[in-house]
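Colleague: Hi! Could you walk me through this model?

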Amino acid sequence: MKLQWRTFFALLILPLSAQPLEGFVEGRLGGRLQSDPGQDSATIRELRLQVGKTHYAGPLELEVKADLLYDDLDGYRNQVDVRTGGGWVDVRTASAAFRPTMWMDVKAGRQVLTWGTGDLLFLNDLFPKDWQSFFNGRDLEYLKAPSDAVWISVFPGDWTLDVVWTPRFNSDRYLDGDGISFFPGTYTPDNPLPVDEPDGMEWSLRAARHVGSVETAMYAYEGYWKSPGGMDAEGRGIFPELRVWGASVLFPAAGGLLNAETAYYDSLEDRQGTNPGVNNSEARFLLGYTRELKTNLTMGVQGYAEWMRNYDAYTETQPEMQPARDEWRRLGTLRLTRHLMNQKMMLSGFVFYSPTDQDMYLRGSVEYAWSDQWMTTLGANAFAGEKEHTFFGQFEDNSNLYVAIRRWF
Amino acid sequence: MKTLLLIQMLLSSLAFAQTELSVDDIILKAEQAAYYAGKDGIADVKMVIHDANGGTRERDFRILRWNGEDGQQKFYVYFRSPGDVRGMAYLVWKHGRGKEDDRWLWLPAIGKVNRIAPGDKRTSFVGSDFVYEDVSGRDPAADTHEWVETTDTHYHLRSVPKDPGSVEFAFYEVWIDKETFLPVKAEYTHSRGEIYRRVTADEVETIDGYPTVIRSTVEDVSRSSKTINTFSNIHYDAGLNERLFSERFLRRPPREAVQ
């Protein structure tokens, strides 16, 4: 399979090599605001070159985008793994798209996919995320990891029907203790979380429709928990089978935009909730509202909740030493975005706060464009929590400050 | 004899009605000429932003426009440069008088279509001195329009906002070409009585039968910055399909927008 992908990429790169390239060079440095035993004092120290090009060849649209990376903190940077993006090259996009008929689109290959209505909260978007990049101070672009998939859309009447087929499971670029620590001290760069990844296929479906200014959609997913969703007898992280059903709606209201989304996560390998080594089924709910408070100042608020099914079975089978989760996990978020100096400067703040977990996560950044080519970003990721086992609380030793300089070409 | 005189008077009053347009007629004709020419339109826009310190920034994009019924319009804007906006696409559905527009932005780096919350239409368009309303047109019903004077070549009008709290100007004056009905100059005055903003049509050419502004400037007098827009590759009645103005084509920009 790996060889086939290489051939595919090579075939794509050939016609593109004659084109002038577009992209950027970026240096990024970030450090911990406190020490973390077992981790480097830096969270990020890298130099990155992104190059990309889109080329039209007859009815085909070929697109390639790749990052060449010198990641000073990655001990395995010489070991390139094209599939997972490990090592000094990360192929972000390598796809071929065409329109077989006026009512159908096809895009095959590596591509970044997103859907759903949440802002940094994902219910029905089960495309791979890169949590390492999200927390260590990389650009938000890197929260989305690419999928190796075939995406087919058909457009009967007012509807859009999307089918995404991923022949081999693309997991999240999940946290494994290398760089960002969790359950403090358990896993480190020298002793990362061992996992057992499945290689079956994934299916993502969406049926979307506009009714006037209202956007509605229904979703389905068949595959696996995207980040380790349990533990096997050898203590390895596993990715149990998962089926997700969901729906969303988004419409203008009260001078802003309202969105609501829900999803049911059917954990197929533990439907009774009695296996402590596999995630229970859960339901997720989201309500969001975005509006411009005044010129150049936008606010977004979200309320989010996760409800664990078979909670009694969970508490009964949970090993005594392990702290138990609550039946309901509630989360609120607030985003404020301010544009200044004719949009040359952008201030952005995003807070997650969970009253049930008593933890929080703050993402803040100041972006300044010196010119059309040069851009600087200064940002912070701050975690705080009462307990060590809650979602954000466990990251407390990873609070960091980072700076980046980027030159577009 | 009396009847003849009466008929003559009637005829001349009819003729008078034909040549002497009302202020509102002129405003509507100007809106038509400036924003609704043809069934659809395509143009490449090069925007050069000159700031007070002598620095310049540039934006290159293509606009596709489609006209529907009752003032409905759809716009598709595809950005080519600079790097940080390259490949982004912006979609607007204008629903006509007094209704909020629907707006979306395509972010190719994360593969996401972002619906944009209804916003202040007097906000800078992509960091330039143009505001959103300069690009998509201001609702004529939002202002009260009155005569200032008619010269040999222009109608000179003054427009006062009905809701002064919603805009940054106290009024603006506009000069409309009597032949083409294109607004060729607009000057915005704030409540302190000074002109702080000036938009001019610097060059006009007839393309596919429609008089078209091919270069325009907006000067922000108070900030001493200005932005110059140059339009090229302009086509009208290109037969654009309404389907292009959809989420489908945000995710996969159509060749009409890209090439």
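Colleague: Let's start in chain B: how many bridges join strand S5 to strand S6, and in what sense do they run?

Modeller: This is a predicted model, so to be clear about the rules: local features need pLDDT of at least 70, side-chain atom pairs count only at pLDDT 80 or more, and totals for chains, interfaces and linings use all residues. Residues are numbered from 1 along each chain as its sequence is written, while chains are lettered from A and ligands numbered from 1 in the order in which they are written. Now your strands: 5 bridges join S5 (residues 102–107) of chain B to S6 (residues 112–116) of chain B, and the two run antiparallel. Strands here are DSSP runs of E with at least two residues, helices are runs of H or I with at least four, and both are numbered from the N terminus. Two strands pair if DSSP finds at least two bridges between them.

Colleague: Which residue is the bridge partner of Leu107(B)?

Modeller: That is Lys112(B), in S6(B). The two strands form a hairpin with 4 residues between them. In its turn, Gly111(B) has a positive phi of about 60°.

Colleague: Which residues other than glycine in chain B have a positive phi?

Modeller: Ser224(B) is one of them, with phi near 45°, and Asp237(B) is another, with phi near 50°. Ser224(B) lies in the loop between strand S12 (210–220) and strand S13 (225–236) of chain B. Asp237(B) is found in the loop between S13 and helix H4 (247–251) of that chain.

Colleague: Is Ser224(B) buried or exposed?

Modeller: Ser224(B) counts as exposed, because it has 11 C-beta neighbours inside 10 Å. Asp237(B) has 13 such neighbours, so it counts as partly exposed. The cut-offs are 20 or more other C-beta atoms within 10 Å of a residue's own for buried, 12 or fewer for exposed, and partly exposed in between, with C-beta atoms placed from the backbone.

Colleague: Where is the cis peptide bond?

Modeller: The bond from Ser81(B) to Pro82(B) is cis, with omega near 5°. Pro82(B) sits in the loop between strand S3 (73–81) and strand S4 (89–94) of chain B.

Colleague: Let's step back. How many helices and strands are there in chain B?

Modeller: Chain B has 5 helices and 13 strands. Its radius of gyration is 20 Å, close to the 18 Å that the globule rule gives for 259 residues, so it is as compact as a globular protein of that length. That radius is taken over C-alpha atoms, and the rule is 2.2 Å times the number of residues to the power 0.38. Buried residues make up 30% of the 259.

Colleague: And what is the predictor's confidence in chain B?

Modeller: The mean pLDDT of chain B is 90, and 93% of its residues reach 70 or more; pLDDT is the predictor's confidence in each residue, from 0 to 100. For the complex, the predictor gives an ipTM of 0.90 and a pTM of 0.90.

Colleague: Speaking of the complex, how many residues of chain A are in contact with chain B?

Modeller: There are 35 residues of chain A in contact with 26 residues of chain B, where contact is C-beta atoms, placed from the backbone, within 7 Å. S14(A) gives the most to chain A's side, with 3 residues. That side divides into 13 nonpolar, 14 polar and 8 charged residues. Here Ala, Val, Leu, Ile, Met, Phe, Trp, Tyr, Cys and Pro count as nonpolar, Asp, Glu, Lys and Arg as charged, and the others, Gly among them, as polar.

Colleague: What about hairpins in chain A, say S2(A) and S3(A)?

Modeller: Those two form a hairpin with 2 residues between them, and Gly58(A) in the turn has a positive phi of about 60°. S2(A) and S3(A) pair in the antiparallel sense over 12 bridges, and Leu47(A) stands opposite Tyr70(A) in S3(A).

Colleague: Last one: how many residues has the largest nonpolar core?

Modeller: The largest core has 33 residues, and those with the most contacts inside it include Leu113(A), Ile180(A) and Phe395(A). A nonpolar core is a set of buried Ala, Val, Leu, Ile, Met, Phe, Trp, Tyr and Cys residues joined through C-beta atoms within 7 Å. S10(A) supplies the largest share, 4 residues. Apart from this core lies another, of 19 residues, among them Tyr76(B) and Phe245(B).

Technical notes
Contact = placed C-beta atoms within 7 Å.
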